[in-house]
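Subject: Structure handover

Hello,

Here is the structure I promised to pass on. Please open it alongside this email.

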Amino acid sequence: KCSKLISNTPRHVVKEGDRTMPLVKRQVEPIHVSRTKLDGSVKNELEGVTANTLAGVIRQLSSLSKHAENVFTELFNESSAHVQRYKTLKTKVDHLSGQLKEMKSRSYSTSASNLASQHYQSPVRVDHQILSRDSLPAALRELYESS
């Protein structure tokens with residue numbers, strides 16, 4: 001029950017027949033921490049169950065820390081990409097404002113035929129492969145490769 005509360009479930013839902021099944025991005029494992037069989041060599045059953053439960057909780061904490069590292073890595077990568085985009089846009093805006101000041105200081109005389117012969121081409125290339133295996137988050141990539 002605890003692992004279902006901790007798991008990060010996105011809002012995307014996959015239809016399976018007449019049921020809906022959420023696509024779990026990260027799942028804390030093991031799900032059932034106390035469902036292990038005790039071997040016959042255990043003298044005190046209560047101590048054996050307690051030790052197995054404690055080991056399961058430690059494994060859950062290990063899984064949770066792995067997912068936390070993964071989340072913070074994704075957050076860092078996304079924020080780095082945003083900072084890079086901001087710097088690029090700031091450079092472009094500064095360049096354009098410089099050009100605008102230069103254009104305001106001069107006066108231009110152009111004819112309609114001169115405007116028709118000059119076409120603007122953007123140097124920006126559009127990324128066509130937005131959804132690929134490389135763009136998958138690490139948690140979904142592991143889930144995909146394990147299935």
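Below is what came out of the analysis, grouped by region.

A caution before the details: this is a predicted model.

**Helix H2**

Start with helix H2, which covers residues 45-105. H2 has 61 residues. From its first C-alpha to its last it reaches 89 Å, close to the 90 Å expected at 1.5 Å a residue. Asparagine 44 caps the N-terminal end of H2. One of its side-chain oxygens lies 3.2 Å from the backbone nitrogen of leucine 46.

Several H2 residues are buried: Gly48, Gly56, Gln60, Ser63, His67, Asn70 and Glu74. Glutamate 74 comes up again below.

How many salt bridges does the structure hold? There are four.

Glutamate 74 pairs with lysine 25 in a salt bridge, with 3.5 Å between the closest N and O atoms. Glutamate 74 sits in helix H2 and lysine 25 in the loop between S2 and H2, so this pair ties together parts that are 49 residues apart in sequence.

Glutamate 74 also forms a salt bridge with arginine 26, at 2.9 Å from N to O. This second pair links distant parts of the chain as well: glutamate 74 is in helix H2, arginine 26 is in the loop between S2 and H2, and 48 residues separate them. Strand S2 itself spans 19-22. The side chains of arginine 26 and glutamate 74 are likewise joined by a polar contact of 2.9 Å.

Are these two partners buried or exposed? Both glutamate 74 and arginine 26 are buried. Arginine 26 has a relative accessibility of 4%. Glutamate 74 has a relative accessible area of 18%. Buried means under 20%, so glutamate 74 counts as buried at 18%.

**Helix H4 and its link to H2**

Which residue forms a salt bridge with glutamate 142? The partner is lysine 66, and the closest N and O atoms are 3.1 Å apart. Glutamate 142 lies in helix H4 (residues 138-146) and lysine 66 in helix H2, so the pair ties together parts that are 76 residues apart in sequence. Glutamate 142 is partly exposed, at 39% relative accessible area. Lysine 66 is partly exposed too, at 43%. Elsewhere, salt bridges that share partners join Lys25, Arg26 and Glu74 into one network.

Leucine 143 is also in helix H4. Its relative accessibility is 40%, which counts as partly exposed. The C-alpha atom of leucine 143 is separated by 9.2 Å from that of valine 24. Along the chain, these two residues are 119 residues apart.

**A nonpolar surface patch**

Which residues form the nonpolar patch on the surface? They are Leu38, Val42 and Val49. Together they have about 180 Å² of accessible area. Valine 49 belongs to helix H2. Valine 49 is partly exposed, with a relative accessible area of 36%. Patch residues need over 30% relative accessible area, so valine 49 clears that cut-off at 36%.

**Where to look in the viewer**

Begin with Glu74, where the network with Lys25 and Arg26 comes together. Then go to the salt bridge between glutamate 142 and lysine 66. Finish at the patch of Leu38, Val42 and Val49.

Best wishes

Terms used
Residues are numbered from 1 along each chain as its sequence is written. This is a predicted model: local features need pLDDT of at least 70, side-chain atom pairs count only at pLDDT 80 or more; totals for chains, interfaces and linings use all residues. Side-chain values use heavy atoms; hydrogens and water are left out. Patches are made of residues with over 30% relative accessible area and no salt bridge: like charges are joined within 9 Å, nonpolar side chains (Val, Leu, Ile, Met, Phe, Trp, Tyr) within 5 Å. Accessible areas come from the Shrake-Rupley method with a 1.4 Å probe; for residues, only the protein chains shown count as cover. A salt bridge is a side-chain nitrogen of Lys or Arg within 4 Å of a carboxyl oxygen of Asp or Glu. Helices (H or I, at least four residues) and strands (E, at least two) are DSSP runs, numbered from the N terminus. Buried means under 20% relative accessible area, exposed over 50%, partly exposed in between (1.4 Å probe, protein chains only). A polar contact is a pair of N or O atoms within 3.5 Å; within protein, one must be able to donate a hydrogen and the other to accept it, and residues adjacent in sequence count only if both atoms are side-chain atoms. The expected span of a helix is 1.5 Å times one less than its number of residues.
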